[in-house]
Amino acid sequence: MGDKPIWEQIGSSFIQHYYQLFDNDRTQLGAIYIDASCLTWEGQQFQGKAAIVEKLSSLPFQKIQHSITSQDHQPTPDSCILSMVVGQLKADEDPIMGFHQMFLLKNINDAWVCTNDMFRLALHNFG
Amino acid sequence: MGDKPIWEQIGSSFIQHYYQLFDNDRTQLGAIYIDVSCLTWEGQQFQGKAAIVEKLSSLPFQKIKHSITSQDHQPTPDSCILSMVVGQLKADEDPIMGFHQMFLLKNINDAWVCTNDMFRLALHNFG
């Protein structure tokens, strides 16, 4: 427990919490964002907790399951934490798809919140 | 030119410059990093301009070509710029591979430098 740098502990804790919330009840994700938060979802921009939660709640699937392939964490010069995730997801009965997501976490009043969130599906043709 | 938000202009300018440098002579990348910069390359951490340039210069290919599939940019609460890139690359005669990379840019003494950089190859099995 004491081996990993603190930013890695906070980052991986956040990641675990985020996807657990997302997969079980994504309407509850509001707690991790603030009014200054930005989300870019597949190239579309959303500003602020309310708009972000509305977007995520209205995504057109009932069931969703994320699985993390890799996660990387770094501290930033302004004392924030950057996390980059590569994984796969399965929505309803759709085929499994790869995704990448990154989060910028900031400590505000002793709580780590997400100020920046960017999500893209991994739609590459490897040929 | 005036249509895009300033962070998108700065972010996409940086992205273009970075991959141009990388593909033509990656030993020149030092100028974009500073002594507190962090790079995570395929899960390995490198700290500081010198260590980062050494890692990038010593990557085991002669020719490299990146092509960008998508790029997303956001401003952060601490006046930095976050950029997330999805693309493909071809090194020497190896098969084309997908990659994801993210950068955190900070304005120091009127120049935009990269303080945080994370790179992962996209090695997903879509089945």
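I looked up burial in α1(A) first. A:G11, A:S12, A:F14, A:I15, A:Y18, A:Y19, A:L21, A:F22 and A:D23 are buried (under 20% relative accessible area, 1.4 Å probe, protein chains only). The model is predicted, with pLDDT of at least 70 needed for local features and 80 or more for side-chain atom pairs, while totals for chains, interfaces and linings use all residues. Residues count from 1 along each chain as written, chains are lettered from A in written order, and side-chain values use heavy atoms without hydrogens or water.

I checked the helix itself. α1 of chain A covers residues 6-25, as a DSSP run (H or I, at least four residues; strands are E, at least two). Its 20 residues reach 28 Å from first to last C-alpha, close to the expected 28 Å (1.5 Å times one less than the residue number). Its buried residues pack against β1, α2 (49-57), β3, β4, β5 and β6 of chain A.

Next I turned to the interface. I find 41 residues of chain A in contact with 43 of chain B (heavy atoms within 4.5 Å). The buried area is about 3400 Å², 61% of it from carbon and sulfur atoms; this is accessible area (1.4 Å probe) lost on putting the two parts together, summed over both.

I then listed charged pairs. There are 4 salt bridges between chain A and chain B (Lys or Arg side-chain nitrogen within 4 Å of an Asp or Glu carboxyl oxygen). One joins B:D72 and A:R120 at 2.8 Å, N to O. On the chain A side, β1 (33-41), β3 (64-75), β4 (81-91), β5 (97-108) and β6 (111-122) each give two or more residues.

Technical notes: Buried < 20%, exposed > 50% of the residue type's maximum accessible area, 1.4 Å probe, protein only.
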